[in-house]
Amino acid sequence: EIVVSSLSCHRLIACSMTLAAKFQDDVFYANAFYSKVTGIKLVELNSLEHTMLKLLDWRLSVSPVEFEMYRQILCQAAQAAAEA
């Protein structure tokens, strides 16, 4: 279980962006670079990356239908937050 809070969202985004860069780009930086850029210790970033990959069942590819579903959910949440 992952708890998203003001204390964990930075780590979640940093790990997601690291995985996305590695998945999408043929040439990418080592985790030491991403660690330095994000301010997360290398050991922690490595652990977060491994945990996220296990939770995703090592599946990083997303179908267009699944992407659109989550995009709509995020847009609705952002709209609701803006109206609050």
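## Terms and model

A residue is called buried under 20% relative accessible area, exposed over 50%, and partly exposed in between, with a 1.4 Å probe and protein chains only. Valine 43 is a handy case to start with: its relative accessible area is 67%, so Valine 43 is exposed.

This is a predicted model, in which local features need pLDDT of at least 70 and side-chain atom pairs count only at pLDDT 80 or more, while totals for chains, interfaces and linings use all residues. Residues are numbered from 1 along each chain as its sequence is written, and side-chain values use heavy atoms, with hydrogens and water left out.

## Overall architecture

The protein chain has four helices and zero strands (DSSP runs, H or I of at least four residues for helices and E of at least two for strands, numbered from the N terminus). Along the sequence, the pattern reads α-α-α-α. Taken along the principal axes, the C-alpha atoms fill a box of roughly 40 × 30 × 25 Å.

Of the 84 residues in the protein chain, 18% are buried. For contacts (heavy atoms within 4.5 Å) between residues at least 6 apart in sequence, 51% join residues at least 24 apart.

## Surface and charge

The protein chain exposes about 6700 Å², and carbon and sulfur atoms supply 64% of that area (Shrake-Rupley method with a 1.4 Å probe; for residues, only the protein chains shown count as cover). Ile2, Val4 and Leu55 make a nonpolar surface patch of about 300 Å². Patches are made of residues with over 30% relative accessible area and no salt bridge, where like charges are joined within 9 Å and nonpolar side chains (Val, Leu, Ile, Met, Phe, Trp, Tyr) within 5 Å. Isoleucine 2, one of the patch residues, sits in the segment before α1 (9-24).

As for charge, the protein chain has 7 positive and 9 negative charges, and their mean positions are 9 Å apart. In this count Lys and Arg are positive and Asp and Glu negative, while His and the chain ends are not counted; each charge is placed at NZ of Lys, CZ of Arg, CG of Asp or CD of Glu.

## Salt bridges

How many salt bridges does a search of the whole structure find? There are four salt bridges, each defined as a side-chain nitrogen of Lys or Arg within 4 Å of a carboxyl oxygen of Asp or Glu. One of them joins the side chains of arginine 11 and glutamate 44, at 2.6 Å from N to O. That pair links distant parts of the chain, with arginine 11 in helix α1 and glutamate 44 in helix α3, 33 residues apart. Arginine 11 is partly exposed at 31% relative accessibility, and glutamate 44 is partly exposed at 29%.

Another salt bridge is formed by glutamate 49 and lysine 22, whose closest N and O atoms are 2.8 Å apart. Because glutamate 49 lies in helix α3 and lysine 22 in helix α1, this pair ties together parts that are 27 residues apart in sequence. Glutamate 49 has 11% relative accessibility and so counts as buried, whereas lysine 22 is partly exposed with a relative accessible area of 23%. A further salt bridge brings together the side chains of glutamate 66 and arginine 59, at 3.8 Å from N to O. Glutamate 66 is partly exposed at 27% relative accessibility, and arginine 59 is partly exposed at 49%.

## Loops and backbone

Which loop holds aspartate 57? Aspartate 57 belongs to the loop between α3 (42-55) and α4 (64-83), and tryptophan 58 is found in the loop between α3 and α4 too. Aspartate 57 has a phi near 55 degrees, a positive value in a residue other than glycine. For tryptophan 58, phi is near 60 degrees, again a positive value in a residue other than glycine. Aspartate 57 is exposed with a relative accessible area of 57%, and tryptophan 58 counts as exposed at 51% relative accessibility.

Valine 27 is placed in the loop between α1 and α2 (31-38). With a relative accessible area of 73%, valine 27 is exposed. Valine 27 and isoleucine 40 are 13 residues apart in sequence and 22 Å apart in space, C-alpha to C-alpha. Back to valine 43, which is found in helix α3: valine 43 and asparagine 31 are twelve residues apart in sequence and 9.4 Å apart in space, C-alpha to C-alpha.
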